[in-house]
Amino acid sequence: MSVQPATQSAAVAAPESKRRRRWSPMQRREAIEGILYLSPWIIGFTVFVAGPLIASGYLSLTKYNVLRPPQFIGLNNYIFAFTKDSLFIPSIIRTFYFALLSVPLAMIGSLLIAILLNQKLVATTVWRTFYFLPTLTPLVAAALLWRWMLNPDVGLVNYLLAQIGIQGPGWLASTTWAIPALVLVTLWASVGGSRMIIFLAGLQDVPKEMLEAAEIDGAGTWDKFWNVTLPMITPTIFFNLVLGIIFALRTFEVAFISTAGGPARATWFISLHIYQNAFVSFDMGYASALAWLFFLILFLLTYLQFKFSGRWVFYAGAR
Amino acid sequence: MNTELARQKVSRRSFLIASGATVAGLALAACAPAPAAQSPSAQAPAPGGPAKTVVRAHMVQKQDVSDWIQMGLTQDIDGFVSNNPDIDLQLETVPGWTAEYIPKILSFAAAGTLGDLVWYPPRHRSHIAWGISYGIVTDMAPLAEAAGYDFLANFYPGAVEVNSYEGKTFWMSYISEPIVPVIAYNKTKVEALGIGEPSDDWTFAELADWAQAGTNADHFGYYRADRGGSFGGAPYLRQWGVEPTSADGTRATFMDTPDEFIASLKFNYDLMNTWKVSPSPAAGAINAPELFGGQKVLAVDIWPFRIQIYPATFTDFEIGFVLTPVVNRGDARRSMLNEHVFGITTASKNPDKAFKALTWFCGKEMNVQALVQGQKGPIARADVWADERIYESAPTYRKLKPIMDNIEPDYLVANFRGEEFDQAYQQAYDLLELGELQPQAAAEQIQMLCQEVLDKEPA
């Protein structure tokens with residue numbers, strides 16, 4: 001086997017790469033066909049996602065009520081949000097409070113159920129279906145159902161609490177308890193859902209040989225979970241955490257149906273505030289500005305999560 | 001065999017061609033103009049009859065709105081269908097309420113597919129924005145003039161005033177009634193308790209005493225039901241001498257009369273938190289009809305349309321009706337008009353025919369029949385209130401006639417942000433009813449929050 005000098009191989013490589021740039025008719029046709037296959041998605045994305053996104057960016061700099069042409073007003077909408085809109089900042093704080101309560105509980109709850117369903121139980125499939133069922137209930141129906149369940153006078157929750165000597169709170173009618181009550185509704189509807197399924201998949205992906213090795217080394221159940229299982233499913237936890245925070249921060253239906261933002265705006269989340277400005281007051285320009293501010297907050301939060309994920313997320317195979 | 005099967009398979013090329021053709025076809029279909037059948041001028045004449053003009057009326061799907069107009073067409077009330085064979089009134093209904101209806105109408109308007117008539121339930125004259133800012137409805141005055149129609153000869157002046165702005169009349173009343181002017185009470189139970197029946201000239205102080213006498217372990221004495229907030233509660237505020245906004249609608253004027261406003265809030269606060277004669281919202285969402293029907297509350301404020309519905313629904317006990325109290329005996333009775341209105345769109349190609357249809361279902365006979373048949377609330381027409389037939393079916397309406405004769409219009413929110421104004425009021429009012437805010441503090445907050453809304457740019 002002869003070794004060519006480097007200069008010679010470079011001289012040969014240059015015309016080859018030039019030749020590669022010129023596509024054969026077959027390659028060209030394949031590329032066109034590939035783009036055509038992708039075109040429904042490209043068109044859909046352009047028309048229904050990218051287009052409205054760019055349009056809303058422009059509209060956020062205008063005064064616009066749908067029927068009249070937008071009037072350019074610069075950054076006035078953004079300035080208004082921070083200086084004159086007394087509902088904007090409190091609605092952001094309330095939304096974060098909701099997320100702070102709901103995300104950890106939902107993550108822990110889903111993980112616990114996934115661990116339970118990962119055991120070798122009788123009729124595992126039936127149990128998995130059983131836990132998944134609430135997710136199939138439309139959130140609107142769940143919200144209406146829970147309004148009755150949480151009724152302080154005739155609701156099942158306070159009735160059960162009374163049986164053990166606890167006087168239940170006003171739940172959705174209380175400014176203190178309204179957000180925890182909405183968290184409860186959301187948890188019921190989501191804790192056994194897709195998040196749990198993803199955890200289950202993550203748990204089933206943990207290499208058995210590692211668990212066996214730990215067992216041989218004398219690790220107990222808790223040690224195996226803490227030192228093997230948990231690190232191995234950190235990518236799954238991270239994925240669920242990112243999505244969970246985004247979903248919690250943009251929660252809308254449950255508050256819209258259960259409390260309409262009340263009592264006394266106790267559940268007036270940012271999504272309701274955007275909805276109110278867009279579809280009740282028809283300040284589409286201002287609503288777009290609020291949506292962009294909200295997007296920037298979400299973006300920053302997600303960026304920070306990714307930035308710090310290297311400290312605790314372990315990817316098998318990664319250095 | 002395999003080769004033959006492979007030949008029968010769809011090739012990638014033919015699949016792409018078929019897909020491309022389908023997408024192009026769909027795109028063309030989506031971009032094509034609306035079908036000719038929706039165009040009023042394109043209606044073919046019915047066999048042996050005159051050419052029909054379609055008049056499209058947008059409204060919510062509701063018993064007293066779309067259902068009643070449809071019944072009017074079916075029953076051919078006032079001979080509208082038989083006398084107008086050239087008009088085909090088509091009702092295009094939207095399930096839900098304003099949250100669903102309004103965006104839909106704006107979408108139609110933006111897309112240029114709006115029909116001829118639109119319905120609207122105004123809040124502090126927010127509907128005027130659809131005339132002057134949004135350009136959805138047109139001034140009806142020229143149409144009325146051409147048809148020889150006099151608004152003031154048909155409607156009470158207050159009902160014409162709220163629908164007009166700067167000399168233009170954009171809307172016509174369809175439902176127009178005094179806001180919560182009466183209290184329904186459980187006559188059977190009141191007699192059993194021996195607490196005496198209330199009289200139409202009673203005062204708020206007497207109501208409080210009466211409610212305390214009527215409250216026991218089984219039931220509350222009174223609940224303010226339909227008169228919460230700054231819309232349903234506006235006649236109540238006026239009765240106390242409080243006007244929510246200035247005449248030009250730019251200033252919240254609750255605190256122009258601070259003593260009266262705080263007293264009015266204190267009365268509500270005391271009902272729930274001091275005298276405890278009313279259920280508190282802290283105990284959960286209150287469904288007043290359920291409470292009243294279940295005999296858990298002795299008396300509730302009601303909208304006029306419930307005058308017919310309650311006796312028909314709650315048959316276990318006898319129901320009496322009494323006018324809402326005044327502050328001091330002999331005080332002039334204050335009021336506010338609640339309305340559902342219709343307007344003719346600027347997009348209408350046949351506004352004259354739309355006007356004809358509008359004047360029919362907002363006309364006398366349709367509305368007398370609506371009350372006689374118990375299908376709808378009243379209307380601000382003197383001729384309807386003068387018709388004895390309505391009192392035969394619901395004698396209590398006689399109590400409302402003097403109020404309607406002097407009905408006061410809704411107050412003005414000049415930037416047409418009426419719903420926001422109500423929400424701002426409710427924000428502090430909720431805390432008052434929950435006992436988390438004292439009347440003085442609630443009054444100050446209401447003033448501040450409502451003024452904040454009025455300071456916004458026009459909607």
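## The three-stranded sheet of chain B

Chain B contains an open sheet of three strands in the order 8-7-9, with antiparallel pairing; strands here are DSSP runs of E of at least two residues, and helices are runs of H or I of at least four residues, both numbered from the N terminus, and two strands count as paired if DSSP finds at least two bridges between them. Strand 8 (299-302) and strand 9 (319-323) of chain B each have a single partner strand and stand at the edges, so one side of each is left without a neighbour in the sheet. From one strand to the next the twist averages 30 degrees, where axes are lines fitted to C-alpha atoms, for helices over the stretch in contact, and angles run from 0 to 180 degrees between N-to-C directions.

Four bridges hold the antiparallel pairing of strand 7 (residues 182-186) of chain B with strand 8 of chain B, and Asp301(B), in strand 8 of chain B, is the bridge partner of Ile183(B).

## Basis of the model

This is a predicted model, in which local features need pLDDT of at least 70 and side-chain atom pairs count only at pLDDT 80 or more, whereas totals for chains, interfaces and linings use all residues. Residues are numbered from 1 along each chain as its sequence is written, while chains are lettered from A and ligands numbered from 1 in the order in which they are written.

Strand 6 of chain B runs antiparallel to strand 10 (residues 337-344) of chain B and is joined to it by six bridges; in strand 10 of chain B, Glu339(B) is the bridge partner of Ser176(B).

## Chain B as a whole

The secondary structure of chain B comes to 22 helices and ten strands, and its C-alpha atoms fill a box of roughly 90 × 60 × 50 Å along the principal axes. Among contacts in chain B between residues at least 6 apart in sequence, 75% join residues at least 24 apart, a contact being a pair of residues whose C-beta atoms, placed from the backbone, lie within 7 Å.

Domain 1 (50-178 + 337-405) and domain 2 (182-334 + 416-454) are given by the domain assignment of chain B, the bounds coming from an automatic or database domain assignment. Their C-alpha centres lie 29 Å apart, and the contact takes 19 residues from domain 1 of chain B and 17 residues from domain 2 of chain B. On the side of domain 1 of chain B that touches domain 2 of chain B, strand 6 and helix 20 (397-405) of chain B are the elements that give two or more residues, and helix 20 of chain B provides the largest share, four residues. By class, that side of domain 1 of chain B divides into nine nonpolar, five polar and five charged residues, where Ala, Val, Leu, Ile, Met, Phe, Trp, Tyr, Cys and Pro count as nonpolar, Asp, Glu, Lys and Arg as charged, and the others, Gly among them, as polar.

## Buried residues and the nonpolar core

Buried residues make up 44% of the 459 residues in chain B; a residue is buried if 20 or more other C-beta atoms lie within 10 Å of its own, exposed if 12 or fewer, and partly exposed in between, with C-beta atoms placed from the backbone. Phe267(B), in helix 13 (residues 258-274) of chain B, counts as buried because it has 21 C-beta neighbours inside 10 Å. Phe267(B) and Pro439(B) are 172 residues apart in sequence, yet 9.0 Å apart in space, C-alpha to C-alpha.

The largest nonpolar core has 178 residues, of which Ala184(B), Tyr222(B), Phe342(B) and Leu358(B) touch the most other members; such a core is a set of buried Ala, Val, Leu, Ile, Met, Phe, Trp, Tyr and Cys residues joined through C-beta atoms within 7 Å. Helix 4 (residues 88-117) of chain A gives the most to this core, with nine residues. Not counting residues up to four places away in sequence, the residues that Tyr222(B) touches include Leu207(B), Leu271(B), Val277(B) and Val297(B).

## Chain A and its contact with chain B

For chain A, the domain assignment gives domain 1 (6-59) and domain 2 (82-309), with 40 Å between the centres of the two, taken over C-alpha atoms. In the contact between the chains, 22 residues of chain A meet 24 residues of chain B. Helix 2 (25-59) and helix 14 (270-280) of chain A each supply at least two residues of the side of chain A that touches chain B, and this side has ten nonpolar, eight polar and four charged residues.

Notes:
Contact = placed C-beta atoms within 7 Å.
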